[in-house]
Amino acid sequence: MRAPAIFDASWETDTLRPLAVAGQDIEALRDQPFPMSKGITGWAFMRGLPYNCDNTLAHPAAST
């Protein structure tokens, strides 16, 4: 099951803030900004390329 999310990046605060999430598994992300350098989202953002992660738990950039 896919659970997409759209983030807003703020260079001033070095954070990514979820704007829209879809799926119960990621609902906890809503309204919780986090550093751009954290997790798979931060990793993909810093690469500057779209990334589709099939298994977020197995990805080396996964955060707890």
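Predicted model: local features only at pLDDT ≥ 70, side-chain atom pairs only at ≥ 80, totals over all residues.
Local features need pLDDT of at least 70 and side-chain atom pairs count only at pLDDT 80 or more, while totals for chains, interfaces and linings use all residues. Residues are numbered from 1 along each chain as its sequence is written, and side-chain values use heavy atoms, with hydrogens and water left out.

The structure holds 1 salt bridge, a term for a side-chain nitrogen of Lys or Arg within 4 Å of a carboxyl oxygen of Asp or Glu. D8 and R17 form this salt bridge, and their closest N and O atoms are 3.8 Å apart. Relative accessible area, computed with a 1.4 Å probe and protein chains only, sorts residues into buried (under 20%), exposed (over 50%) and partly exposed (in between).

| Residue | Relative accessible area | Class |
|---|---|---|
| D8 | 33% | partly exposed |
| R17 | 37% | partly exposed |
| W11 | 60% | exposed |

W11 lies in the loop between β1 (5–10) and β2 (15–21); strands are DSSP runs of E with at least two residues, and helices are runs of H or I with at least four. Together with F45 and M46, W11 makes a nonpolar surface patch of about 360 Å². Such a patch joins nonpolar side chains within 5 Å, from residues with over 30% relative accessible area and no salt bridge.

Helix α1 spans residues 39–47, and its residues G39, I40, G42 and A44 are buried. The cover over the buried residues of α1 includes β2, where contact means heavy atoms within 4.5 Å. Just after α1, G48 has a positive phi of about 80°.

Terms used. Patch = residues over 30% accessible without salt bridge, like charges linked within 9 Å, V, L, I, M, F, W, Y side chains within 5 Å. Areas by Shrake-Rupley, 256 points an atom, 1.4 Å probe, with all protein chains shown as cover.
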